[in-house]
Amino acid sequence: MLSRKAPGSGQSGARAVILIGFMGAGKSSVGRALAEQLGWTFQDLDERTELREGRRVPEIFRDSGESGFRQAEHLALRDLLRELRTGAERVVALGGGAFVQKDNAALVGAGGVPTVFLDAGVEELWQRCRRQAEQQRIERPLLGSLERFAELYEARRRHYMKASFRQETSGKTVQEIAAEVIQALGLGPRSRDRSRGGRGEKQ
Ligand code: S3P
């Protein structure tokens, strides 16, 4: 884990956190667990993009190409970050390519919201994606072959490493990962105080 301190984090700090990382890193599942533990709202950028476009991600790729998808994704991210500026308590999961785009990384950086790079070995990421494709029929237009997947991961990793910190996910449950992120960023004491006695944790 990187020791660099997250912008806006600390015990009195951040009211939002942004999860980044490659396909299969667990951004959505960890994001939901994190939001549940904090009593915050979870937002998935791919879902926001789909809502904005009225089309599913694979359809956008098919009909408008990757560049069309990136444009739509950028606009959805802008909307989402605007909402964070109102002080909304949010856990946000970005799609695997979003933070790699220069404009998006600049927007996220300017917002001062801490970012977490969820990571695992590339073989494990690949296996998770394959499992999700088979069991949950999650379609990922950029999944391709293991070789291509590994190349893309390597090319993107240096961008992901610009996150406030890197969280290892191998061999950990989503609940454990969420708890480690909360501790590392010192997130949400005010939320937890408010919810004391009322709210149960997931599972
Ligand atoms: C993409 C990852 C996907 C989705 C789109 C493009 C990528 O999200 O945004 O298929 O470029 O890696 P997940 O990382 O949630 O699979």
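I started with R70: an N or O atom of its side chain is 2.6 Å from an oxygen atom of the ligand. I count a polar contact as a pair of N or O atoms within 3.5 Å. I then checked R140, where a side-chain N or O atom lies 2.7 Å from a ligand oxygen. At G97 I found a backbone N or O atom 3.4 Å from an oxygen atom of the ligand. I looked up cover next: the protein hides 93% of the 380 Å² of accessible area that the ligand has on its own (Shrake-Rupley method, 1.4 Å probe).

I note that this is a predicted model: local features need pLDDT of at least 70, side-chain atom pairs count only at pLDDT 80 or more, and totals for chains, interfaces and linings use all residues. Residues are numbered from 1 along each chain as its sequence is written, and side-chain values use heavy atoms, with hydrogens and water left out.

I listed the shell: 14 residues surround the ligand (a heavy atom within 4 Å). The closest are K27, D46, R70, R140 and R156. By class, I got 6 nonpolar, 3 polar and 5 charged residues, with Gly counted as polar. Which helix gives the most to this shell? Helix α3 (residues 57-84, a DSSP run of H or I, at least four residues) does, with 4 residues.

I stayed on helix α3. D79 and R82 are 3 residues apart there, so about one helical turn separates them. Their side chains meet in a salt bridge at 3.4 Å, N to O (cut-off: Lys or Arg side-chain nitrogen within 4 Å of an Asp or Glu carboxyl oxygen).

Note on methods
Polar contact = N/O pair within 3.5 Å; in protein donor to acceptor, adjacent residues only side chain to side chain. Helix = DSSP H or I, 4+ residues; strand = E, 2+ residues; numbered from the N terminus.
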